[in-house]
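Student: Before we start, could you take me through this chain by asking what each label rests on?
Tutor: Gladly; we will set each value against its cut-off and then conclude.

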Amino acid sequence: TLAWALAAAMVVVGWLYGSKAVVGADSYGYLSQSDLWAQGSLKIRQPFAAEVPWPDAGWMFSPIGSYRPMHMYRRVEGEDRWTIVPLYPIGLPLLLAGAGAVGGFQAKFVVVPLLAGLAVLATYGIGARLVSPAAGLIAAWPLATSPAMLFMTMPVMSDVPVSALVALSFYLLIAAGFGRAAGAGA
């Protein structure tokens, strides 16, 4: 019960105090890529870049850290020469796209808080399964009250989702059964 309360508190704090807008290069990269997945194409054409008189103009119009000119990945011709594509891995953007499909754009901002709650529950589960429920609670408490964890629950970034899914994988791995091993691998 206490572990569930801690997890619920993480979700509530993350939702109430978390960002409900794009707040920087990383959140822009993840959220905009999720929109591209929902639209069915990861390409953003920018033909106006062809009018710039200096070389490698595609870089000038690529959002910092989150997109690159497509010609950096493969040889392209024609309009694709002035196309940018996302740089970030697809995991979090796909989760965000799913949330957006179910609940609209604002639903994307609950994904990280929900995964923060999952991180707390998975940490509790690991401790409870390996030692005792008390040990699980002792492990989950500092995670749920950590300033770093609370801070990273606020923006749309991949740190908390990765932590949650790795903890869930370990939780599944320390139990017997093919289904749990397959779930951990997934």
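**Labels and the values behind them**

Tutor: The chain has 186 residues, of which 39% count as buried, where buried means under 20% relative accessible area, exposed over 50% and partly exposed in between, with a 1.4 Å probe and protein chains only. This is a predicted model, in which local features need pLDDT of at least 70 and side-chain atom pairs count only at pLDDT 80 or more, while totals for chains, interfaces and linings use all residues. Residues are numbered from 1 along each chain as its sequence is written, and side-chain values use heavy atoms, with hydrogens and water left out.

Student: What makes up the secondary structure of the chain?
Tutor: There are nine helices and three strands, where helices (H or I, at least four residues) and strands (E, at least two) are DSSP runs numbered from the N terminus. From the N terminus on, the elements run α-α-β-α-β-β-α-α-α-α-α-α, and the C-alpha trace spans about 65 × 40 × 30 Å along its principal axes.

Student: Why is Gly14 called buried?
Tutor: Gly14, which is found in helix 1, has a relative accessibility of 2%, and because that is under 20% it counts as buried. Not counting residues up to four places away in sequence, Gly14 touches Pro113, Thr153 and Met154, contact meaning heavy atoms within 4.5 Å. Gly14 and Met152 are 138 residues apart in sequence, yet 8.9 Å apart in space, C-alpha to C-alpha.

Student: Why does Thr123 count as buried?
Tutor: Thr123 lies in helix 5, and its relative accessibility is 17%, which is under 20%, so Thr123 is buried. Leaving aside neighbours within four places in sequence, its contacts are Gly136, Ala139, Ala140, Leu143 and Ala167.

Student: How do you know that the buried residues of helix 6 line one face?
Tutor: The buried residues of helix 6 are Gly136, Ala140 and Ala144. Seen down the axis of helix 6, they fall within an arc of 55 degrees, so they line one face of the helix; the arc is that of the directions from the helix axis to the C-beta atoms. The face turned away from this buried side carries the exposed residues Ile138 and Trp141, whereas what covers the buried residues includes helix 1, helix 5 and helix 7.

Student: What span does helix 8 have, and what span is expected?
Tutor: Helix 8 has 15 residues and reaches 21 Å from its first C-alpha to its last, close to the 21 Å expected, the expected span being 1.5 Å times one less than the number of residues.

Student: Which residues of helix 8 are buried?
Tutor: Val160, Pro161, Ala164, Ala167 and Leu172 are buried in helix 8. Their directions, seen down the axis of helix 8, fall within an arc of 135 degrees, so these residues line one face of the helix. Helix 4, helix 5, helix 7 and helix 9 are among what covers them.

Student: What makes a space in this model a pocket, and how much space lies in the largest pocket?
Tutor: On a 1 Å grid over the protein atoms alone, a pocket is an open set of points where a 1.4 Å probe fits, with protein on both sides within 12 Å along at least five of seven lines, and lining residues have an atom within 4 Å of a point. About 300 Å³ of space lies in the largest pocket, a volume being the space filled by probe spheres set on the points, which are joined across faces, edges and corners. Of the 17 residues that line the largest pocket, the closest to its centre are Gly91, Leu92, Pro161, Val162 and Leu165. Helix 8 supplies the largest share of the lining, seven residues, and helix 4, helix 8 and helix 9 each supply at least two.

Student: How do the residues of the lining divide by type?
Tutor: Twelve are nonpolar, five polar and none charged, where Ala, Val, Leu, Ile, Met, Phe, Trp, Tyr, Cys and Pro count as nonpolar, Asp, Glu, Lys and Arg as charged, and the others, Gly among them, as polar.

Student: Why is Asp56 called partly exposed?
Tutor: Asp56 is found in the loop between strand 1 and helix 3, and because its relative accessibility of 47% falls between 20% and 50%, it counts as partly exposed. Asp56 also has a positive phi of about 55 degrees although it is not a glycine. Most residues other than glycine have a negative phi.
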